[in-house]
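Subject: Structure handover

Dear colleague,

Here is the structure I said I would pass on. My notes on it follow below.

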Amino acid sequence: MADTLVVYYSKTGSNGFLAKKIANDLNADLAQINPRFNNQIIQILFSQVNFTLGIKDLDFDVSDYDKIVLVGPIWTGQLINPLRTFLNKYDKEINKLHFVTCCGS
């Protein structure tokens with residue numbers, strides 16, 4: 001098992017592409033965050049009011065990894081809801097966290 005898990009959320013594919021490159025370069029495991037509600041307008045709205053909508057469980061045990069690399073977008077200056085939900089859900093299990101995002105379209 002790898003010592004690093006790359007976890008990502010990507011709506012348009014840019015952050016997914018970035019996460020896959022990082023996972024490949026680090027020889028890390030890769031997990032996608034799948035929100036319960038994947039509507040962009042709802043995600044933006046609930047990101048603004050700091051309310052979590054929930055995500056599906058990952059196929060990996062986060063506590064098994066030394067490092068977590070979280071990859072995902074920042075929308076309207078806020079950490080997008082699926083990323084915040086991941087952090088809230090797995091906060092106590094994360095040993096070391098790195099955050100990566102890409103800007104632009």
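A salt bridge here is a side-chain nitrogen of Lys or Arg within 4 Å of a carboxyl oxygen of Asp or Glu. Please keep in mind that this is a predicted model.

Salt bridges

By that criterion the structure holds three salt bridges. In one of them Asp57 pairs with Lys89, and the closest N and O atoms are 2.4 Å apart. Asp57 is exposed, at a relative accessible area of 58%. Lys89 is partly exposed, at 35%.

Another of the salt bridges joins the side chains of Lys67 and Asp3, at 3.7 Å from N to O. Lys67 is in strand S3 (residues 67–71) and Asp3 is in the segment before strand S1 (4–8), so this pair ties together parts that are 64 residues apart in sequence. Both ends are partly exposed: Lys67 has a relative accessible area of 29%, and Asp3 has one of 36%.

There is also a salt bridge between the side chains of Lys92 and Asp91, with N and O 4.0 Å apart. Lys92 is exposed, with a relative accessible area of 79%. Asp91 is partly exposed, with 46%.

Around Thr4

Asp3 has a further side-chain partner: a polar contact of 3.1 Å joins it to Thr4. Thr4 lies in strand S1. Is Thr4 buried or exposed? Its relative accessible area is 4%, so Thr4 counts as buried. Once neighbours within four places in sequence are set aside, Thr4 is in contact with Leu26, Ala28, Asp29, Tyr65, Lys67 and Val69. Lys67 in that list is the salt-bridge partner of Asp3.

The sheet and its helices

Strand S1 is part of an open sheet of four strands, in the order S2-S1-S3-S6, with parallel pairing.

The pairing of S3 with S6 is in the parallel sense and runs over four bridges. Val69 stands opposite His98 in S6. Val69 is also among the contacts of Thr4.

Helix H1 (residues 14–26) packs on the sheet and touches S1, S2, S3 and S6; the direction of H1 makes about 175° with that of S1. Helix H3 lies across S1, S3 and S6, and runs at about 160° to S3.

H3 is mostly covered, with seven of its 10 residues buried. The buried residues of H3 are Asn81, Pro82, Leu83, Arg84, Thr85, Phe86 and Tyr90. Lys89, the partner of Asp57, is partly exposed.

Aromatic pairs

How many aromatic pairs does a search of the whole structure find? The search finds two. Phe60 and Tyr65 make an edge-to-face pair, with ring centres 6.3 Å apart and 70° between the planes. Phe60 is partly exposed, at 27% relative accessibility. Tyr65 is buried, at a relative accessible area of 2%, and Tyr65 is also one of the residues that Thr4 contacts.

Phe86 and Tyr90 form a tilted pair, 5.1 Å from centre to centre and with 40° between the planes. Phe86 and Tyr90 are four residues apart in helix H3 (residues 81–90), so about one helical turn separates them. An α-helix has 3.6 residues a turn, so residues three or four places apart point the same way. Phe86 and Tyr90 are both buried.

That is what I have on this model.

Regards

Conventions:
Residues numbered from 1 in each chain as written. Predicted model: local features only at pLDDT ≥ 70, side-chain atom pairs only at ≥ 80, totals over all residues. Heavy atoms only, no water. Phe/Tyr/Trp six-rings, centres within 6.5 Å; stacked < 30°, edge-to-face > 60°. Buried < 20%, exposed > 50% of the residue type's maximum accessible area, 1.4 Å probe, protein only. Helix = DSSP H or I, 4+ residues; strand = E, 2+ residues; numbered from the N terminus. Polar contact = N/O pair within 3.5 Å; in protein donor to acceptor, adjacent residues only side chain to side chain. Contact = heavy atoms within 4.5 Å. Pairing = 2+ DSSP bridges. Axes fitted to C-alpha atoms, helices over the stretch in contact; angles between N-to-C directions.
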